[in-house]
Amino acid sequence: MYEHDILIIGAGLAGLRAAVEGVRNGMNVGVISKVHPVRSHSNAAQGGINAPLTDRGDDWEDHAYDTIKGSDFLADQDAVEIMSREAGESVIELERMGVIFSRGDDGKLGTRRFGGQKIARTFFVGAITGSAILHVLFEQSIKYGLNVYEEWFVTKLLIEEGKCCGVIALDIKTGELYVIRAKSVIIAAGGAGRVFEPSTNAIICTGDGLALAWQAGAAVMDMEMIQYHPTTLAGTGILMSEAARGEGAYLLNSDGDRFMEKYAPEYMELASRDVVSRSEQTEINEGRGIDGNVLLDLRHLGRKYIESRLGYLQEVGVEFMGIDLAEQPIPIRPGMHYIMGGIKTDVNGATSVDGLYAAGECANVSVHGANRLGANSLLDTVVFGRRAADHATNYVKNIKHVNLDASYLENEKKRLQSIIDRKNGERPAIVRNEMANSMTLGIGVFRNQKTMEKAINDISGIRDRVKNISIDRKGAVFNTDLIFALELEFMTDVAWSIVHSAISRKESRGAHFRTDITTRDDKNWLKHILVSKDNESKNGVKVETLPVNITKWEPVERQY
Amino acid sequence: MEVKLNIKRFDPELPSDNEWWQEYSIQINSNTTILDALIKIRDEIDGTLALRCACRASICGSCGMRVNGRARLVCKTRVESILKNNEPLNIEPLGNHSIIRDLVVSLDSFFSKIDQVTPYIVPDSEPETGEFIASNESMENLLTSMNCIMCGVCVSDCTVLEVDNKFIGPAALAKAWRFVEDPRDGKKEERLRYLNDQDGGIWDCTRCMQCVEVCPKGVAPMDRIMEMRESAIESGNKSTSGYKHTESFYNSVKKHGRLDETRLAVDSAGITNIPRLLDLAPIGMKALLKGKLPPLIPHKAEDKEKIKDIYKKVEEKKQ
């Protein structure tokens, strides 16, 4: 029997940071991940991690305000205050764990500028910041002898008497299904990029954690807030870091103009991501794009600078597009990148289900509101990953393991077997692609009542079809076909929550820009949208709203 | 255009004939990567095909495989870039790893070797407040190794691991280098001593360059291993036959302008190491009978003064 005080689902930055904290707190911690920790998608974060370090003249309130303004005033200000206050300490701690941050001449950590902020407060490692931090947290997991279930896939959360008390999980290598008992569970399973197509996200970003929470009855919040990153590669949708613009790159249209001048005269290319993506899409829609793209131009930075500060971007340009960034601008376009929405938690990571916590991209604290600033996501993972583990540590002190009925495991085995046994259905990938294309059309950079209604209709059809998909692989060992089928079920739940959340918000705010209602409406919509599973209602969804927590910054119109 | 991929399959659950090659034909364009092609096969033709992949952007390290006999990260290899006369591409799992199914290998041995090098910083003391102070150059220097994504490509094609699985291997040694070089680490000497003395340590690399060739991230593990050899020697680790071999080689060329092979064998073993020298005797006898024994008194190079000049220049440069 596997048992833990704290079981963490996901081994990216939030999961590993939570795990390290749990072990330091003397807890019996388990980490379960469908991929080896160093394969986690935190790897893909390129540009850096924000922190207002007071010892070099920065101010946490300034960072908090930039974050809140970036969020189009939808972020909860108490949560943002915590993140900004704890940021410096968190980054210093990462450095002491061994992260090799870039330095200034004085040997202290150096910074670069990022979008939506006037001050350079983004700490970085070339253009591989996420990877460099992930590998160091993995090093720490070895140091602390962390118990990791590598390549195990969680199929279900176990809830007894309203409390989360463990999971059922599949050991992918053997195909065996197990119950893991846990006094508390922290979901740190990352985003849901694969619900859209194209996306910068890895193939593994299928919203498993969001769906597990949803199925367990936890509420998800502001799911319509989908971030389209301004610079993703034409074709593949691979990410080109904001660090490029942070270091001075230009955005050009087909006339060779720096078009951001029109949309954000002060911040130019470094306005918030929603603003830059909308500007690009407007240029493209009005005929000043190039085959559906605009250009990212780094040439004036010079080869030496590009290679030392943005080496990974040069690698991507050359390997994937055959473009040398020192010689030629590279075609890019807005692409789905991040979900600001997520499992609703308080500032300690607690969800609406006892014993269930969430942190990182799958959670919504909410510090990103309607639009996340670049380099705030890494910060979110380490600050709130740690807090979730600390709170869970206190929670489990008065909790005993629950005796779980054997029928849980038997029923889950039957459910999985029925998927394996199903014949002559559609392939999971075909249905996934259709779903993802519908989502991009319906919940895109620009959206309106009509596109969103169509998306609801499409996803409703997809949800019926998913019940009949069938897979080729029948064997137990490394049955990725079965994993795809399970992931697809998860993704359709996430998609369902997104479309219902989106159609509920009758205003434009941050990333949720409606062409039929183009203005922000603080009077009626300065509030969060909560969506949860409801077996009583016709569409299976309950929609509620919650006021935004405003501490000291009154909403004003955003200008960049 | 249409291309053929010939994929090595393995299914441990089949009672017999559980290994086979299977050919698939698919349509590609000029930007299609091998990973795109494999995903297309898995998604549209044969869902039983097992492979690992995640980021598609050469940062997660999941998709190391052998293509036409050479290990690569398939996400950053465009099909067209290695296609010859439209012959099928042969895709196999990584070498030097045990296979779980199809293109999926076990990484247990890979990560156990990472564990072996104490892969985390162990500072002597921490600053009272704030970060460690270190020069940017010293940090940027570490980037070479931090670029490692643990994809296993170097391990796959390492010629030492092929015959000696005790070798710590290129990836784990590159990881070890990252801590040896980190100015914040307090255990440099202990680390070097371990890597020097350990069976399978830094002296077991044969300098074949394979890992440098195949590494998709420019880590150049062999160069890192050579740097650690130098550091180990500078720290006074001179007991290994590896060091003695190097020293003998160096002295012999300096003195004679060319290699004294007899002396090299004796020096490497250690002149007082009688058992090891006795081991060499039969090899010497065999060489003698075949007329291959090196001369006992070495030949001398003609322009050996010029070689001495080279030595002088190198030694000056080092100081």
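**Stop 1: the interface**

Colour by chain and select the boundary: 68 residues of chain B are in contact with 57 residues of chain A. Bear in mind throughout that this is a predicted model.

Chain B and chain A bury about 5100 Å² between them. Carbon and sulfur atoms give 53% of that area. Now pick B:R56, B:I59 and B:E131, the residues of chain B that lose the most area to chain A. Together they make up 14% of what that side buries.

**Stop 2**

The rule finds 11 salt bridges across the interface of chain B and chain A. Zoom in on one of them, B:E13 with A:R473. Their closest N and O atoms are 2.5 Å apart.

Which elements of chain B give two or more residues to the side that touches chain A? Select α1 (34-45), β6 (99-101), α3 (108-116), α4 (136-146) and α6 (170-181) of chain B. Then colour that side of chain B by residue type: it divides into 35 nonpolar, 12 polar and 21 charged residues.

**Stop 3: the domains of chain B**

Chain B is divided into domain 1 (2-105), domain 2 (108-234) and domain 3 (251-318). Give each its own colour. The C-alpha centres of domain 2 and domain 3 of chain B are separated by 30 Å.

Stay in chain B and select B:R184 and B:D182. The two form a salt bridge, with 2.9 Å between the closest N and O atoms.

**Stop 4: a serine in chain A**

Bring chain A back and centre on A:S366. This residue sits in the loop between β17 (363-364) and α11 (376-396) of chain A. What surrounds A:S366, leaving aside its neighbours within four places in sequence? Its contacts are A:L74, A:A75, A:D76, A:A79, A:V80, A:M221 and A:H528. The relative accessible area of A:S366 is 0%, so the residue counts as buried.

**Stop 5: a bridge within one helix**

Select helix α14 (residues 449-466) of chain A, which holds both A:D458 and A:K454. They are 4 residues apart, about one turn of the helix. Their side chains meet in a salt bridge, 2.9 Å from N to O. A:D458 counts as partly exposed because its relative accessibility is 22%.

**Stop 6: a bridge between elements, and a network**

Next, select A:D522 and A:R509. They form a salt bridge with the closest N and O atoms 2.9 Å apart. A:D522 lies in helix α16 (residues 522-525) of chain A, while A:R509 lies in the loop between α15 (480-504) and α16, so the pair ties together parts that are 13 residues apart in sequence. A:D522 is partly exposed at 29% relative accessible area, whereas A:R509 is buried at 1%.

Salt bridges that share partners join A:D72, A:D222, A:E224, A:D274, A:R278, A:R505, A:E507, A:R509, A:R520, A:D522 and A:R558.

Finally, zoom out to the whole model. Over all chains, the count comes to 78 salt bridges.

Methods. Residues are numbered from 1 along each chain as its sequence is written. Chains are lettered from A and ligands numbered from 1 in the order in which they are written. This is a predicted model: local features need pLDDT of at least 70, side-chain atom pairs count only at pLDDT 80 or more; totals for chains, interfaces and linings use all residues. Side-chain values use heavy atoms; hydrogens and water are left out. Contact means heavy atoms within 4.5 Å. Buried area is the accessible area (1.4 Å probe) that two parts lose on being put together, summed over both. A salt bridge is a side-chain nitrogen of Lys or Arg within 4 Å of a carboxyl oxygen of Asp or Glu. Ala, Val, Leu, Ile, Met, Phe, Trp, Tyr, Cys and Pro count as nonpolar, Asp, Glu, Lys and Arg as charged, and the others, Gly among them, as polar. Domain bounds come from an automatic or database domain assignment. Buried means under 20% relative accessible area, exposed over 50%, partly exposed in between (1.4 Å probe, protein chains only).
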